[in-house]
Amino acid sequence: MNMQNDRMAMEEWRAKGHRHLDYGKFQEAPEALVQARDLCPDDPWALGLLAIASGHAGDRALMGDTARRILALEPAARAEAVRVGCWMLPTHPINPLRRAYREANYRSFLSFADVLVDEASKDAGCLVALCHILYGHQLLRAAETALVRAIAIGCEGPDLSAMLNDVQLSLCDFDRHAAQESRRRHTIAQALEGGQPLDIDPYNLLCIGIDFAAFDQACGRRSAAILDEERRKGDIRPLARQGSAKAAGARLSIAFLLPYSWSASVNMVLAPLIATLDRDRFQVSGFSLQVAPVPSEQETAYIASFDSFISLEGLSPREAAQRIHDVGIDIILDCSGHTRATCLPILVHRPVPIQAHFMGYGTSVVASFCDYLITDQRYHGPVLQSLSSERFALLPETSWIYPRATMPGEAAGRADFGLPEDVFLFCTFNHPGKIEPRIFSAWMRILGATHGSRLVLCHWNLPDAVENLRKAAARAGVAPGRLIFVPPIAHDRHLQRLGLMDLALDTLFVGGGVTSMDTLWAGLPLLSVTPGEAYLHTSRGALGALGLDEMIMPTLSAYVEKAVALCRNPAELLEIRAHIAEHRRCSAMFDAERYARDLERLLEVMWSRHEAGDPPASFHLLPVHPPEAGRLSAACRPASCR
């Protein structure tokens, strides 16, 4: 009974301290939260809130004691205590006073985080675990401090350098960008010369402007490292029989190998395709490394759209490969590539006759155990193909697919989203990790040349990046208030908000993926820029699929000039909107049935080559007019079908 009373009393003191922090009574918060801690010393929320309060108080002894208590918690509780740092992200509340309180809370938590890292540094394993916690919650400044310390003292742990690179890119700290980029390029050059795998995520390589030839080589090194790691573990003899053939009329058994089952971008865009594949010709399975313990209604419907869906959670790569092999799959499509939640180690064991990478990561794998990269001629054009050692299976129109997402039925205006009326709104909803000084400088030149305009960005719950971008705007002579940071919101509302903008601006080295398709589906013109033919750029795929290649500028100066010209010419913007509205009705990117028929033909070509005993080799599937194409106007047909 006493324990129950103590728990109730602790919750009252904890709630009181919580209110003090939420309403700016920072001097009163520590006392209430110390009372809560004394009543329940291992409550993660009480300790997490006390971490904030101790930072406000500047009490080094209290911060040190709180840090040691948090680090002594069980891993899940420790992560929960640190997660409280996410609670006071300053960009949530619309009320300026509440926002100011949260900014102060966040700064105090960052002060505490320095002490937390100091305490964790006494134990290498503890420091590595803390790095993963801070990184996982995207507490960027604190994560950077912890990662720099861990690497400096020689901590060993998976992906520490890769996480640090990701954090530093996401911080948008342009004062340090040049020095960091120089170090990364030196590291890349050394690794490629010495035949070593890189400790930078491939997409982060693209973010710093690496050309496709070096990127392709780096991906090959990453694949070789995966192969070596599996070889060290034991047997990697192929599980699949070679030269297998199907009985006449038998269905091809295909499978999608997924990193997770929940509603992330890859599953969002796959959903309409899975539901549309021809079950008379194909049996469609799904395998996932991680499955949501309590799937949402949307996730449940997605899983049910497969003929079978099997969790590989907890299995080693060899065990997972055996599980896939036992099902009798003919062709497997990996949807992870060189991402952190990669499925590629499973493919090392060759569970099926044909293995390809498709969507998700969407570019170079360069592995002996991956037979094809499924893509298209726009995204990976002739120049990129000539620079790569991949075997390309090219779809006839596009490798990009997007669900015909719905938007709320009720009308909404800018005021409903806290946006200003009667001003020209540029926008970019790409992640801050894709924003580097060259493109940001171009945006500032655009704002400088267009009086009264604003640039709307998503803050992605990353207040450190927001602060750095506002500082960079001020240094460029642009009032920081002309940058409007809005929160992530439900997808249908996000599409509605996109439609209220005037012009979307793409990033330079890594353009938008689903972000760009969202933009075009919402009917909003998108302006992009490519660093050159020898560089991969995602928006080539999305814009090209709608016949909008003229919206891809060849240089940053042309990009700035075009953005300014469009701002001053509303009639041209209306013409582009009309073009998008007309062409998205008949683009394969927005037509799951037509896309599915193309993918089915591509998979059948792969299988027929296999049955004939031919080794994997690049091929380009020719377009076939769907029956309804004759009813479309010539202007509405994709260029490849004319």
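**Reading a predicted chain, feature by feature**

Visitor: Which residues is Arg222 in contact with, leaving aside its neighbours within four places in sequence?

Guide: Contact means heavy atoms within 4.5 Å. With those neighbours set aside, Arg222 touches Leu198, Ile200, Asp201, Pro202 and His338. Arg222 belongs to helix α12, residues 212-233. Helices (H or I, at least four residues) and strands (E, at least two) are DSSP runs, numbered from the N terminus.

Visitor: What should I know about the numbering and the values?

Guide: Residues are numbered from 1 along each chain as its sequence is written, and side-chain values use heavy atoms, with hydrogens and water left out. This is a predicted model, in which local features need pLDDT of at least 70 and side-chain atom pairs count only at pLDDT 80 or more, while totals for chains, interfaces and linings use all residues.

Visitor: What is the mean pLDDT of the chain, and where is the pLDDT below 50?

Guide: pLDDT is the predictor's confidence in each residue, from 0 to 100. The chain has a mean of 89, and 95% of its residues reach 70 or more. Residues 626-642 have a pLDDT below 50, and this stretch has 25 contacts in the model beyond near neighbours in sequence. Where pLDDT is low, the predicted coordinates should not be read in detail.

Visitor: Is Arg222 buried or exposed?

Guide: Buried means under 20% relative accessible area, exposed over 50%, and partly exposed in between (1.4 Å probe, protein chains only). Arg222 has 17% relative accessibility and so counts as buried.

Visitor: How many disulfides does the structure hold?

Guide: A disulfide is a covalent bond between the sulfur atoms of two cysteines. The test here is a pair of cysteine sulfur atoms within 2.5 Å. The structure holds 0 disulfides. For Cys207, the closest cysteine sulfur is that of Cys172, 10 Å away, which is too far for a bond. For Cys335, the closest is in Cys343, at 8.0 Å, again too far for a bond. Cys207 is buried at 9% relative accessible area, and Cys335 is buried at 2%.

Visitor: Which residues lie nearest the centre of the largest cavity?

Guide: Of its 13 lining residues, Phe429, Leu505, Thr515, Thr519 and Leu526 lie nearest the centre. The lining has 6 nonpolar, 6 polar and 1 charged residues. Here Ala, Val, Leu, Ile, Met, Phe, Trp, Tyr, Cys and Pro count as nonpolar, Asp, Glu, Lys and Arg as charged, and the others, Gly among them, as polar. At least two lining residues come from each of β8 (425-428), β11 (503-505) and α21 (514-521). α21 gives the most, with 3 residues.

Visitor: Why is α21 largely enclosed by the rest of the structure?

Guide: α21 is largely enclosed because 6 of its 8 residues are buried. These are Ser516, Met517, Asp518, Thr519, Leu520 and Trp521. They pack against α13 (265-276), α20 (491-498), β11, β12 (526-529), α22 (539-545) and α24 (570-583). After α21 comes Gly523, with a positive phi near 85°.

Visitor: Which residues other than glycine have a positive phi?

Guide: Most residues other than glycine have a negative phi, and most peptide bonds are trans. Arg350 has a positive phi, near 50°, and Trp460 has one near 55°. Arg350 sits in the loop between α16 and β5 (354-358), and is buried at 12% relative accessibility. Trp460 sits in the loop between β9 (454-458) and α19 (463-475), and is partly exposed at 34%.

Visitor: How many residues apart in sequence are Ala341 and Pro259?

Guide: They are 82 residues apart in sequence, yet 5.6 Å apart in space, C-alpha to C-alpha. Ala341 lies in the loop between β4 (331-334) and α16 (344-347), and is partly exposed at 22% relative accessible area. A second pair is Leu384 and Leu536, 152 residues apart along the chain, with C-alpha atoms separated by 7.4 Å. Leu384 is in helix α17, residues 382-386, and is buried at 1% relative accessible area.

Methods: 1 Å grid on protein atoms, 1.4 Å probe; cavity = no way out; pocket = protein on both sides within 12 Å on 5 of 7 lines; lining within 4 Å.
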